[in-house]
Amino acid sequence: MKIQINGETQQVECNTLHELLEHLGHGASTVATAVNQEFVPISEREQYRLSTDDSVDIIAPMSGG
């Protein structure tokens with residue numbers, strides 16, 4: 001399916017947000033996620049189904065100040 005990830009259109013074969021994060025290498029890292037500008041908590045990622053044309057934002061924490 002075609003989705004946007006951090007503003008970039010990509011073709012993926014992932015059905016859930018959890019699968020997408022694993023596919024992108026974020027499985028073990030701490031990131032914040034939003035789909036279509038709505039926050040998705042960690043506890044809901046395995047069940048959160050992605051659809052064509054969804055917009056996914058993945059935000060990694062940054063250190064420094």
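The legends below describe close-up views of a predicted model.

Residues are numbered from 1 along each chain as its sequence is written, and side-chain values use heavy atoms, with hydrogens and water left out. Because the model is predicted, local features need pLDDT of at least 70 and side-chain atom pairs count only at pLDDT 80 or more, whereas totals for chains, interfaces and linings use all residues.

View 1. Read from the N terminus, the elements follow the order β-β-α-β-β-β; helices (H or I, at least four residues) and strands (E, at least two) are DSSP runs, numbered from the N terminus. The C-alpha trace spans about 35 × 25 × 20 Å along its principal axes. The radius of gyration of the chain is 11 Å, which agrees with the value near 11 Å for a compact globule of 65 residues; this radius is taken over C-alpha atoms, and the globule rule is 2.2 Å times the number of residues to the power 0.38.

**View 2. Strand E3 with strands E5 and E4.** Strand E3 (residues 32–35) pairs with strand E5 (residues 55–59) in the antiparallel sense over four bridges, where pairing requires that DSSP finds at least two bridges between two strands. Val 35 has Val 56 in E5 as its bridge partner. Strand E4 (residues 38–39) is joined to E3 by two bridges, and these strands also run antiparallel, with Ala 34 opposite Phe 39 in E4.

**View 3. The turn of the hairpin formed by E3 and E4.** Two residues lie between the strands, and Asn 36 in the turn has a positive phi of about 55°. Gln 37, in the loop between E3 and E4, has a positive phi near 65°. Gln 37 is exposed, with a relative accessible area of 77%; buried means under 20% relative accessible area, exposed over 50%, and partly exposed in between (1.4 Å probe, protein chains only).

**View 4. Asn 6 in the loop between strands E1 (2–5) and E2 (8–11).** Most residues other than glycine have a negative phi. Asn 6 has a positive phi, near 50°, and is partly exposed, with a relative accessible area of 46%.
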